[in-house]
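Subject: Structure handover

Hello,

Here is the structure I promised you. My notes follow below it.

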Amino acid sequence: MIDMSPNIVLVVVIGVLFTVGVYLLLERSLSRVLIGVILIGNGANLLFLIAGGAAGKPPIVGDAPVSEMSDPLPQAMVLTAIVITLGMTAFLMAMAYRSWQLHRHDEVQDDVEDRRIARLAAIDEHAFTDRDTEDAGETLDDEAAETRDETDEVLRGAEAPASEGAGPADADGDAGSANPEERP
Amino acid sequence: MNDPTWLVPLPVVVPLFGAGLALALYRKPRAQRLISVIALSLVLAASATLLVLADGGPLVIDVGGWAAPVGIDLVADRLSALMLTISSAVTLAVLLYSLAEGDADGDEAAPVSIYHPTYLVLTAGVANAFLSGDLFNIYVGFEILLAASYVLLTLGGTGERIRAGSIYVVVALLSSALFLISIAMIYAATGTVNLAQLAVRLPEIDPGVRLVLQIMLLVAFGIKAAIFPLSAWLPDSYPTAPAPVTAVFAGLLTKVGVYAIIRTQTLLFPEGRLDDVLMWAALATMIIGILGAVAQDDIKRLLSFTLVSHIGYMIFGIALSTTMGWTASIYYVAHHITVQTALFLVVGLIERRGGTTSLDRLGGLAKLAPVLAILFFIPAMNLSGIPPLSGFLGKVGLLQAGVQLGTPLAYTLVVGGVVTSLLTLYALVKAWNKAFWQTPPAELPDTRLPGGMIGPTAALVGLGLALTFAGGPLYAYTERAADALKDRSPYIDAVLPDGERGAGESANVVSDESTTDLETPAPEVTP
């Protein structure tokens with residue numbers, strides 16, 4: 001049975017690695033982020049060591065009694081994780097370098113498109129301009145005045161060539177004033 | 001050959017082998033294409049066979065002959081096989097599309113020699129994540145597919161792609177680190193990373209520790225699946241990639257995260273202590289995602305936001321923790337992979353025809369390219385859930401499951417689901433009107449769409465329709481899958497037939513510890 005009480009030094013080291021790693025991860029510069037990723041990766045690897053319990057004899061059958069062997073499984077996993085972290089680090093470095101080549105800096109930039117949409121929303125602007133809707137006027141009344149059907153056309157044709165927009169409004173006004181007189 | 005388990009590793013091994021071969025033949029583009037197509041066709045055939053075979057019970061293979069908890073096992077149960085079949089069909093279609101695109105553009109346009117191996121590695125990673133019966137191997141699968149996705153996303157290394165890619169890579173690395181840390185903690189608590197053995201051992205550890213482990217895994221997978229507070233990276237990074245790459249990312253990568261959530265929530269943490277939290281997260285994902293889509297005027301970004309939003313439906317189904325909810329959720333994943341990928345491929349065609357994806361500048365495509373209009377309209381209506389299409393079936397299933405549960409929170413989610421569906425319809429109809437019917441603000445370029453690109457797109461749209469017509473049998477299949485998830489014992493029994501060890505090399509080794517204790521490799525020497 002392996003002694004599972006964790007080594008306090010390792011725990012503290014892991015804590016420090018994670019703290020510094022998270023701090024660096026929050027930076028803008030990609031190379032600092034890279035160092036943060038490496039530190040967090042190493043912290044996770046140490047965590048695996050703790051997960052395997054205290055160190056023991058080499059886990060080779062026949063060399064030592066089974067109860068004194070250390071657990072080989074987490075070490076196999078740590079190896080895999082180290083290789084993966086190595087690959088990712090290389091890629092991130094290449095990306096930081098490419099970013100520096102292109103922009104002369106390696107900062108993680110903002111989402112431009114998102115900013116644009118947010119700015120449109122802030123000034124209360126339409127995301128679209130509708131080119132094929134016919135905006136007739138400023139207010140609803142203006143639009144109503146512009147919208148006419150055949151009966152309006154007939155009326156307008158019959159009437160004297162009055163001013164364009166006022167025609168229907170005048171007709172309405174006349175009807176409105178005429179009706180109360182006829183009712184009684 | 002009578003034992004069909006030899007099929008199980010093929011979806012992982014064949015693309016990896018193909019990737020190596022394609023990389024070795026980087027000077028011969030024609031051979032590369034042939035290899036990719038053959039490899040992915042083989043994967044599709046193997047996955048479809050697994051889909052049929054897994055209906056009789058999970059197929060398990062202990063890799064290298066090492067018995068399950070010590071060695072790594074691959075498990076193809078109904079859920080894995082279904083995910084695998086849909087995803088391999090989608091990857092094959094996208095590959096054919098990108099081949100036709102390469103033909104049309106001339107091969108100088110993209111560094112094709114690296115595209116093929118990377119694409120194959122991506123499919124291998126996805127398959128590995130779906131098939132693995134071992135938490136650490138799922139991590140490896142994730143890393144394989146993520147590494148491939150970093151390369152595909154930054155293909156060509158232009159300024160815009162490096163900008164979007166750096167955010168994507170950093171977020172993905174963070175989620176991987178979280179996943180790795182949770183694996184280490186799970187190993188420390190239980191002494192195993194084998195899913196079946198974890199299912200046995202996790203109930204025996206301290207409930208508080210178990211909750212912490214559950215939260216950590218959920219956060220790690222939540223970033224991958226783009227659940228609301230963790231989803232901001234997605235709409236920024238996906239649209240900048242080339243159209244086929246965006247399509248396959250949208251279809252598969254987030255779904256791998258959803259799959260991992262389904263697998264761990266059902267198998268490892270069946271008591272569902274975080275269901276309420278997940279429900280709120282699902283609601284926020286749906287509503288906030290779709291509001292984002294409504295605000296966009298670029299069709300690629302609009303679709304990326306609908307992608308985030310519809311992840312919420314799947315999480316809703318998972319959080320219900322009922323067989324009905326899981327049934328609908330699995331069906332919805334299958335539906336969403338096909339439809340979302342098809343839509344992104346169509347947008348690739350729109351960009352080609354109209355020269356832009358901005359809805360402000362597109363217009364009148366319905367007259368210019370009627371086939372394109374049909375290809376857009378069907379999956380768009382499918383996504384927003386117009387009956388009788390598969391999106392409708394999936395949503396109805398989810399709403400029914402929500403009503404069946406009947407808690408106030410579930411009803412809130414049902415209302416949220418309907419609202420999201422309507423807003424999806426609004427956003428997509430807006431895109432439809434703008435791109436296909438408005439008078440084009442400027443004359444669109446006169447180009448022809450290559451038939452080789454329309455073919456695979458049409459095939460995917462057809463697959464989406466097939467999910468509708470095969471809705472009955474498929475829904476029955478996902479119901480059986482959900483039943484098995486609820487029961488848990490078919491999976492555990494298949495991996496660990498005698499309750500302790502799988503079939504394999506170390507099966508004759510006697511463990512001197514009881515199974516509840518820490519994992520100790522305790523071989524009695526048998527010379």
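How many residues of chain B are in contact with chain A? The count is 43 residues of chain B, against 45 residues of chain A. Two residues are in contact if their C-beta atoms, placed from the backbone, lie within 7 Å.

First, the ground rules. This is a predicted model: local features need pLDDT of at least 70, side-chain atom pairs count only at pLDDT 80 or more, and totals for chains, interfaces and linings use all residues. Residues are numbered from 1 along each chain as its sequence is written, while chains are lettered from A and ligands numbered from 1 in the order in which they are written.

The interface

Helix 5 (135–153) and helix 6 (159–190) of chain B each supply at least two residues of the side that touches chain A. Helix 6 of chain B gives the most, with 16 residues. Helices (H or I, at least four residues) and strands (E, at least two) are DSSP runs, numbered from the N terminus. By class, that side of chain B has 24 nonpolar, nine polar and ten charged residues. Ala, Val, Leu, Ile, Met, Phe, Trp, Tyr, Cys and Pro count as nonpolar; Asp, Glu, Lys and Arg count as charged; the others, Gly among them, count as polar.

Chain B overall

Chain B has 20 helices and two strands. Buried residues make up 60% of its 527 residues. Buried means 20 or more other C-beta atoms within 10 Å of the residue's own, exposed means 12 or fewer, and partly exposed is in between, with C-beta atoms placed from the backbone. The C-alpha atoms of chain B fill a box of roughly 80 × 60 × 40 Å, taken along the principal axes.

Two helix pairs

Helix 5 and helix 6 of chain B pack at about 175°, with their axes 10 Å apart. Axes are lines fitted to C-alpha atoms, for helices over the stretch in contact, and angles run from 0 to 180 degrees between N-to-C directions. The two helices are therefore roughly antiparallel, a term for angles over 145 degrees. Among the residues that meet are B:L135, B:F136 and B:Y139 in helix 5 and B:I183 in helix 6. This contact has 14 nonpolar, two polar and two charged residues.

Helix 12 (residues 299–320) and helix 13 (residues 323–354) of chain B also pack at about 175°, with axes 9 Å apart. They too are therefore roughly antiparallel. Their contact has 15 nonpolar, six polar and one charged residues.

The core

The largest nonpolar core has 217 residues. Such a core is a set of buried Ala, Val, Leu, Ile, Met, Phe, Trp, Tyr and Cys residues joined through C-beta atoms within 7 Å. B:L145 and B:I183 are among those with the most contacts inside it. Helix 6 of chain B gives the most to this core, with 18 residues.

Backbone points to check by eye

Most residues other than glycine have a negative phi, and most peptide bonds are trans. A cis peptide bond joins B:P387 and B:P388, with omega about 5°. B:P388 is in the loop between helix 15 (370–384) and helix 16 (390–405) of chain B. B:A226 has a positive phi of about 60°. B:A226 counts as buried, with 26 C-beta neighbours inside 10 Å. B:R488 has a positive phi near 70°. B:R488 is partly exposed, with 16 other C-beta atoms within 10 Å.

Best wishes

Notes: Parallel < 35°, antiparallel > 145°, perpendicular 65-115°, else oblique.
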